[in-house]
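Dear colleague,

Here is the structure that I promised to pass on to you, with its sequence. Please open it first, and then read the notes below beside it.

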Amino acid sequence: MAIPEPVVIDPAGHDIHAEGARIRANGPVARIELPGGVLGWSITDHETARQALTDHRLSKDPRQHWTAFAEGRIGEDFPLIGWVLMDNLTTRYGADHTRLRRLTAGAFTPRRVEAMRAEVEKAVDELLDELDRCEPGEVLDLKARFARPMPARVICDLFGVPAEDRAQMLRGGEANIDTTLTPEESAANVEQWHREMQEFVEAKRRSPGDDLTSDLVQAQEEDGSRLNDSELVGTLHLLLATGTEPVMNLLANATRALLTHPDQLALLRSGAVSWSDVIEETLRVEAPVAHLPFRFAVEDIEIGGVVIAKGDPVLINFAAVGRDRTVHGDSADAFDAARSDKEHLSFGHGVYRCIGMPLARMEAEIALAALFRRFPDIELTVPEMDLAPQVTFIMNGVQTLPVRLTPRNR
Ligand code: HEM
C-alpha cells in the first residue's frame, strides 16, 4: 500500500482540529511536514499516544537523538529552533531527565502547591475586582484582562519575584512566544530575558526566601554538579512558559465553551455537572497544548502500523488524541461535560507527564468558579465563528475573548 503524502502543518494554526482529522485519516501515526520543510510523524490515536508516551525508545533530546540536527542539517533559521535549543528537562533523556525532573518536581511539592491556594484566590479576586470597575455595557477582552494575568501572577508568587520586577519578567516571556518579531528582535529579547533571569537568580542566592527559586538555588548549592547555572535558568524559563500559556488557554477555552453552550452552563448551575467535569472536558476537547514538539526515535520503532526510522522527529497531537472516536464515539468533537468518557492525555503521560497538573487544575477551578459567580450574566459579544485562533499550531487558544459583564457595584 502506498504511504500517504505528509500533511503539511499550517504554522499559523488556522484550524488545528481539521488538520488533526486530516492527519488521522492517514493512520494513527502519520507523516507530517513541519515548518521549514522538516519531515516528521504525528500521533493522533489515544492508545498509540499512551504507548508512545511511555516508550523509552522515544527520546526528547535532539542533541543525542535527532540525526538531522546532529549532522548540522537543521540551521538557526529552522522556525522551531527554540524548541530544540532550550536547556531544561524537556530536552533531556533517561537518567539526565530523571535528575532534572526530580530537582524541579522537588521544588514543586504538594505542600507548596496547596500553599498557593490563598495566592491563587487573591490573584483571582483582585483581577475580578478590576473587571468589576468596567462600565456597564463595555466590551472587554477576558483573555487579556483575566485569563492571561491570573496564572502569570501565580507563577511570579511561586518564583518569589518582587512586585517591581514582575512586568519586565513577564514581558520577556510574552515576547518569547511572539511569532511576529524579526529574528534579530527575538534574539535580542532572549538575550535580555536570559540576563534578567540570571540577575534574579543571583539576587535569590544572596537573599533566599520561601519560594521555588530559592529551593532550586539551594538544591544547586547542596551539590554543585547536580544543576548547573544554564540548567537552573533554563528550568525557570520553562516553568514561566508552561505555568502561564496553557493555563491561560484552559481558562479561555472553558469560558468560551460555557458561553457558547448554554445547556452546559445550565447543567453546571443545576449541579448536574461539577467544575471539575467542565475542566476535564475542556482539556479533552480543546487540549491547551495541541501538538507538541519534539520526540526522536532512538532506534527503528514499529508503532501504530508504521516504522518510525531511527532519528525521525515525532509529535504527539494532544488536540486530536482528545477527539479520538475509538474512545469518545461519534460525539468526540462535542463539548459535553456530562459525558462519562472524559479520559484524556492532555497533561501527557509517563515520565514526562506535566509537573504542574495539580496547580493548573486548582487555578482553573478557583478562577472559573469565581468568574461565573461574580458575573453570572457574562456573555460573548461576537459569534463563536468570529473568534480568531491563536497564531500557532503548538498551543490551542483564541487571540481574544470579547465579553460583556454586568458590573456588580453599579
Ligand atoms: C492546563 C495547563 C497545562 C497543560 C495542559 C499542560 C500540559 C503539559 C503536557 C502535555 C506536558 C507533557 C509534555 C510531554 O510529554 O512531552 C507537560 C509537561 C510539563 N509541564 Fe505542563 N501543562 C499545564 C500546566 C503546567 C503548569 C501550571 C506548570 C508549572 C508551573 C507546568 C509545568 C510542566 C513541566 C515542568 C513539564 C515538563 C515535564 C517533564 O519534561 O518531565 N505545566 N505539560
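**What was found**

F294 has its place in strand β6, where helices (H or I, at least four residues) and strands (E, at least two) are DSSP runs numbered from the N terminus. F294 is joined to P293 by a cis peptide bond, with omega at about -10°. As background, most residues other than glycine have a negative phi, and most peptide bonds are trans.

Before going further, please keep in mind that this is a predicted model, in which local features need pLDDT of at least 70 and side-chain atom pairs count only at pLDDT 80 or more, while totals for chains, interfaces and linings use all residues. Residues are numbered from 1 along each chain as its sequence is written, and side-chain values use heavy atoms, with hydrogens and water left out.

**The ligand**

The ligand is surrounded by 30 residues, of which K60, H97, R101, R295 and C354 are the closest; a residue counts as near if one of its heavy atoms lies within 4 Å of the molecule. Which protein atom is the donor of the iron atom of the ligand? The only one is SG of C354, at 2.3 Å, where donors are N, O and S atoms within 2.8 Å of the metal (3.2 Å for Na, K and Ca), and water is not among the atoms, so sites may look incomplete. C354 sits in the loop between α18 (325-328) and α19 (357-374).

An N or O atom in the side chain of H97 is 2.7 Å from a ligand oxygen, a polar side-chain atom of R101 lies 2.7 Å from a ligand oxygen, and for the side chain of R295 the distance is 2.8 Å.

Among the elements that each supply at least two residues of this shell are α6 (94-106) and β6 (292-297), while α14 gives the most, with seven residues. By class, the shell holds 19 nonpolar, seven polar and four charged residues, where Ala, Val, Leu, Ile, Met, Phe, Trp, Tyr, Cys and Pro count as nonpolar, Asp, Glu, Lys and Arg as charged, and the others, Gly among them, as polar.

**D61 and S59**

D61 lies in the loop between β4 (58-59) and α3 (62-65), and D61 is buried, with a relative accessible area of 6%. Buried means under 20% relative accessible area, exposed over 50%, and partly exposed in between (1.4 Å probe, protein chains only). S59, in strand β4, is also buried, at 0%, and a polar atom of the S59 side chain lies 2.9 Å from the backbone nitrogen of D61. The C-alpha atoms of D61 and F296 are separated by 7.3 Å, although these residues are 235 apart along the chain.

With kind regards

Technical notes. Polar contact = N/O pair within 3.5 Å; in protein donor to acceptor, adjacent residues only side chain to side chain.
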